[in-house]
Amino acid sequence: MIALFACLLLLLIGLYAVVTKRNIIRIIIGFSLVEYAVNLFFALVGFKHNGIPPIITHLGQSRSNFVDPVPQALVLTAIVIGLATTALMLALAMRIYEKYRTFDITEIRRLKG
Amino acid sequence: MRGMSLIVQTVARLLAGMLFLFGTYIVLHGHLTPGGGFAGGVLIAAAFILVSLAFGSVEQTERNSYTLSSVVESLGGVLFVSLALAGYAAGTFFFQGAAAYGTGTPLRLISGGIILPANIAIGIKVGAGLFAVFLALGASRFVMKD
Amino acid sequence: MIELYVLLAAMIIAALVAIEIKDLLAAAVALGIVGFSVAIMFILLQAPDLAIVQIVVETLTVVFFAAVILRTTNSDTTVGGFRRELVLPTVVYVGFGLLFLLVAGQAMAGLPGFGNPTMLVAREYIALGLERTGAGNVVAAIILDFRGYDTLGEVTVLFTAVVGVLTIMRRAGRKGQGAEGRG
């Protein structure tokens, strides 16, 4: 239970960066932290005491103490998607820097208006 | 000198092939051992990125590989959808892999119905897509400068 | 499972470093520490599939961050100093954080507890995975056979994200806009 709450704390740290930081790269780092926290939360929910990985290595193997494979399957694709969306955000940040010469979002808002 | 120092280039030359081979192994054994198309695809992209970072790149070659990798990425996506459509060809539903391909001998390399070809399609797609993203972000051009 | 808590503490410290340190390149490296700790935790949580993906993805994440930061700037000019426009977001954040922890505490009481997953659907998948799909890896059987539509959606999202990056970063072909915004 403490592990689950520590995981939520990591999510809140990432959310803090997203909400209060003014540097675009810092905001992207915050998004990545939120993503890691959610992925880790899924893996923690599926964990089983004395469990083994859900992989059948020989026929007739006992499958009773496999850990839950469904959260792992959900997270597996989400990790790669997270990399692609992070790259998308970084590309946007690079374009913004090329146009305004700064990563500061308040500065960008002032320059625009 | 283009790219990084001689030590980095030598190590990259030795490692890149093995990295590519390991990525292919992970893609092909995704239905038997940990791994699969997503992990192996990222490893294959990492092999290309290692070479590209260590040796730098020329503008024209980079543009060619950029176009080629985005085309290969789309082909991987098309391959994945057509594998799913093969369920219709077998007379059942979308994504009915076992009916279309058969399950094969359990725990052998050629088994797992749709899973082995779908892993290959996803590996191609993820590897080419991430390498295209890397080229688009232009990290190798930064290394070229010094 | 003491190493789990040690890693969680290390992750939280590294996350705080990542969002507070002045140098952006150091922040990206601290983000890498968090990601690799997540990979080690996946191994401890008996999820080798996730661990492999997380290790390689984290390497590429740090490479992408380094690529962008080295091509732009690595000094964060916004660190420190009191800003009036940040008062409202901070207040809203604290309020939301407290509410979130309260609701999460309530929801945790309904969960079966750490180390005892419910596994209603998963039991079926584990029992039938090898027979129905012929794959020894139950996770691969789920993502590509039982829940293939999920993976199709993820592949679509990946394709969209990659096309988005390529569209944003393309150099030629924008007609009638001059050299503006091209750096």
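Buried, in this report, means under 20% relative accessible area, exposed means over 50%, and partly exposed lies in between (1.4 Å probe, protein chains only). By that rule Lys21(A) counts as buried, at 18% relative accessibility. Before going on, please note that this is a predicted model, in which local features need pLDDT of at least 70, side-chain atom pairs count only at pLDDT 80 or more, and totals for chains, interfaces and linings use all residues. Residues are numbered from 1 along each chain as its sequence is written, chains are lettered from A and ligands numbered from 1 in the order in which they are written, and side-chain values use heavy atoms, with hydrogens and water left out.

## Where chain A meets chain C

Let us begin with the contacts, where contact means heavy atoms within 4.5 Å. On the chain A side 79 residues take part, and they touch 94 residues of chain C. The two chains bury about 8,200 Å² between them, 77% of it on carbon and sulfur atoms. Buried area here is the accessible area (1.4 Å probe) that two parts lose on being put together, summed over both.

Between chain A and chain C there are also 18 residue pairs in polar contact, with both residues at pLDDT 80 or more. A polar contact is a pair of N or O atoms within 3.5 Å; within protein, one must be able to donate a hydrogen and the other to accept it, and residues adjacent in sequence count only if both atoms are side-chain atoms.

Which helices of chain A supply at least two residues each to the side that touches chain C? They are helix H1 (2-20), helix H2 (24-45) and helix H3 (69-100). H3(A) gives the largest share, 26 residues. Helices (H or I, at least four residues) and strands (E, at least two) are DSSP runs, numbered from the N terminus. By class, this side of chain A divides into 56 nonpolar, 12 polar and 11 charged residues. For that count, Ala, Val, Leu, Ile, Met, Phe, Trp, Tyr, Cys and Pro are nonpolar, Asp, Glu, Lys and Arg are charged, and the others, Gly among them, are polar.

## Salt bridges between chain A and chain C

A salt bridge is a side-chain nitrogen of Lys or Arg within 4 Å of a carboxyl oxygen of Asp or Glu. The count over all chains comes to 7, and the count between chain A and chain C is 3.

| Residue of chain A | Residue of chain C | N to O distance |
|---|---|---|
| Lys21(A) | Glu20(C) | 3.2 Å |
| Arg26(A) | Asp76(C) | 2.7 Å |
| Arg63(A) | Glu131(C) | 3.6 Å |

Now for the places where these residues sit. Asp76(C) lies in the loop between helix H3 (48-71) and helix H4 (87-110) of chain C and Arg26(A) in helix H2 of chain A, so the pair joins two chains. Both Asp76(C) and Arg26(A) are buried. Lys21(A) has a partner, Glu20(C), that is partly exposed at 39% relative accessibility. Arg63(A), at 21% relative accessibility, counts as partly exposed.

The loop between H2 and H3 of chain A also holds Gln61(A). Is Gln61(A) buried or exposed? Gln61(A) is buried, with a relative accessible area of 16%. Leaving aside neighbours within four places in sequence, Gln61(A) is in contact with Ile52(A), Ile55(A), Ile56(A) and Phe66(A).

## Where chain A meets chain B

Here 11 residues of chain A are in contact with 9 residues of chain B. Chain A and chain B bury about 920 Å² between them, 87% of it on carbon and sulfur atoms. The side of chain A that touches chain B has 8 nonpolar, 3 polar and no charged residues. Between chain A and chain B the count is 0 salt bridges, and the rule finds 0 residue pairs in polar contact with both at pLDDT 80 or more.

## Chain B and chain C on their own

Chain B has 6 helices and 0 strands. The C-alpha trace of chain B spans about 60 × 30 × 15 Å along its principal axes. Of the 146 residues of chain B, 48% count as buried. Among contacts in chain B with a separation of 6 or more, 69% come from residues 24 or more positions apart.

For chain C, the domain assignment gives domain 1 (1-76) and domain 2 (117-170), with bounds that come from an automatic or database domain assignment. The centres of these two domains, taken over C-alpha atoms, are separated by 25 Å.
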